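Here are my notes on the model you sent over. Have it open while you read, and go through the points in order.

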Amino acid sequence: PGPPDVRFEQLGGDLLAAVDLLGRTPGVDPDRVGVLGPSQGASVAAGAAAASDRIAFVILTSVAGVTPAEQQRQEVRATMRAAGVSPGEIEDALAYLGLYFYVVRTGEAFDVLRSAWERAPDDSWARFVDMPRTIDDLRWWRDHHDFDTTSALAGTRVPTLAVWGSDDTIAPPVPNAALVRD
């Protein structure tokens with residue numbers, strides 16, 4: 001995750017400032033400036049393109065068609081499957097993530113999460129999930145867990161290319177490609 005004090009919308013503003021600067025550069029046609037965003041940057045690029053008519057095209061790689069919180073669940077599930085972890089342990093990790101994101105959303109029950117974290121090192125699923133030591137370790141997630149990339153994409157009116165690798169476990173192509181396309 002990125003810096004805890006910078007929201008995707010702020011990063012999008014920085015991106016638009018860069019687009020404006022590039023558009024004022026001698027020899028650059030300001031009507032042909034596009035942006036490329038990988039992973040988290042794809043969400044930033046989509047939001048910037050939806051908010052501005054200064055971007056001519058967008059290229060997104062490993063873009064999630066879900067919120068960052070759901071993407072984290074997808075990543076853990078896909079990574080654990082690829083590592084050959086048992087379905088039961090995958091469910092245990094996903095249950096932990098349910099508690100994790102409850103704490104993120106509400107700020108409550110950190111002590112329960114910490115207790116789960118303290119018991120987890122013996123469990124093989126523990127190496128696949130984040131284990132915050134303090135509630136402040138969740139600050140990035142509090143600011144970003146519910147960012148809706150698909151809403152940003154719905155507002156984008158320029159040619160957009162989205163690309164995934166077939167073995168991508170961070171933003172698995174299935175189901176993200178269909179969500180982004182729709």
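1. G88 sits in helix α4 (helices here are DSSP runs of H or I, at least four residues, numbered from the N terminus). With 40% relative accessibility, G88 counts as partly exposed, a class that lies between buried, under 20% relative accessible area, and exposed, over 50%, with a 1.4 Å probe and protein chains only. Q71 is 17 residues away from G88 along the chain, and their C-alpha atoms are 20 Å apart.

2. Before going on, some housekeeping. This is a predicted model, where local features need pLDDT of at least 70 and side-chain atom pairs count only at pLDDT 80 or more, while totals for chains, interfaces and linings use all residues. Residues are numbered from 1 along each chain as its sequence is written, and side-chain values use heavy atoms, with hydrogens and water left out.

3. How do α4 and α5 cross? Helix α4 (residues 87–106) and helix α5 (residues 110–119) have axes that come within 9 Å and cross at roughly 150°, so the two are roughly antiparallel (that label is for angles over 145 degrees; axes are lines fitted to C-alpha atoms over the stretch in contact, and angles run from 0 to 180 degrees between N-to-C directions). On the α4 side the contact uses Y96, L99, Y100 and V103, and on the α5 side F110, V112, L113, A116 and W117 (contact means heavy atoms within 4.5 Å).

4. Look at Y96 and Y100 again for the largest nonpolar core, which has 29 residues: both are among those with the most contacts inside it, as are M80, L97, W125, V129 and M131. (Such a core is a set of buried Ala, Val, Leu, Ile, Met, Phe, Trp, Tyr and Cys residues joined through side-chain atoms within 4.5 Å.) Helix α4 gives the largest share, 9 residues. Leaving out residues up to four places away in sequence, L97 touches Q72, R73, V76 and V129.

5. Now the other helix pair. Helix α1 (residues 8–23) and helix α2 (residues 40–51) pack at about 70°, with axes 8 Å apart, and are therefore roughly perpendicular (65 to 115 degrees). Here F8, L11, G12, L15 and L16 of α1 meet Q40, S43, V44, A45 and A48 of α2.

Conventions. Parallel < 35°, antiparallel > 145°, perpendicular 65-115°, else oblique.
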